[in-house]
Amino acid sequence: MSILLFVMLGIFIFMMFRRNKKTQQQQAALQSQFEPGVDVMTSFGLFGRIVAIDDEENKVTLELSPGNLATVHRQAVTKIVEPAAEPAAATDVPDDASSLTGAGSGSTAAATETPDETLKRLNDEGKKDS
């Protein structure tokens with residue numbers, strides 16, 4: 001029984017080291033893609049564009065918005081942001097409700113209805129419910 005315990009402990013330690021190695025490889029691959037002009041996201045949620053990289057001190061200078069620069073540690077940059085795909089042609093939405101009363105719906109008379117006719121129609125609809 002104790003042999004089985006040691007085997008399970010060995011497997012656990014092996015899997016832990018394997019996971020750490022994969023994480024380090026992914027981080028190294030990501031940092032190899034860093035160059036000025038790349039849009040990135042930091043581990044604390046700031047989005048910016050890389051302006052300069054200081055390899056000696058492991059610092060990256062990010063432009064958060066035009067004229068605003070921030071210097072962060074190189075390992076704080078955790079993701080390269082891909083530009084979003086442009087949406088398909090936007091649908092034209094009118095400012096009024098004219099699209100709701102199409103010509104085929106038979107409600108063209110409602111557009112020329114007087115206030116008295118509207119009141120009568122609404123009162124008649126209330127009687128249908130009871």
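Analyst: Happy to; the labels are taken up one at a time below. This is a predicted model, in which local features need pLDDT of at least 70 and side-chain atom pairs count only at pLDDT 80 or more, while totals for chains, interfaces and linings use all residues. Residues are numbered from 1 along each chain as its sequence is written, and side-chain values use heavy atoms, with hydrogens and water left out.

User: Why is Gln31 called buried?

Analyst: Buried means under 20% relative accessible area, exposed means over 50%, and partly exposed lies in between (1.4 Å probe, protein chains only). Gln31 has a relative accessible area of 18%, so it counts as buried. Gln31 is found in helix α1; helices are DSSP runs of H or I with at least four residues, strands are runs of E with at least two, and both are numbered from the N terminus.

User: What is Gln31 in contact with, leaving aside its neighbours within four places in sequence?

Analyst: With that exclusion, Gln31 is in contact with Arg74 and Gln75, where contact means heavy atoms within 4.5 Å.

User: And why is Ile11 called partly exposed?

Analyst: Ile11 has 47% relative accessibility, so it counts as partly exposed. Ile11 is also in helix α1, which covers residues 2-31.

User: How do you know that β1 and β2 pair?

Analyst: Two strands pair if DSSP finds at least two bridges between them. Strand β1 (residues 39-42) and strand β2 (residues 47-54) have three bridges in the antiparallel sense, and Met41 stands opposite Phe47 in β2. β2 also pairs with strand β3 (residues 59-65), antiparallel over five bridges, with Ala52 opposite Thr61 in β3.

User: What makes the phi of Asn58 worth a look?

Analyst: Most residues other than glycine have a negative phi. Asn58 is not a glycine, yet has a positive phi of about 55 degrees. Asn58 lies in the loop between β2 and β3, and its relative accessible area of 34% is why it is called partly exposed.

User: What makes up the largest nonpolar core?

Analyst: A nonpolar core is a set of buried Ala, Val, Leu, Ile, Met, Phe, Trp, Tyr and Cys residues joined through side-chain atoms within 4.5 Å. The largest one has eleven residues in all, including Leu30, Phe34, Val40, Ile50, Leu62 and Ile80. The elements giving two or more residues to this core are β3 and β5 (77-80).
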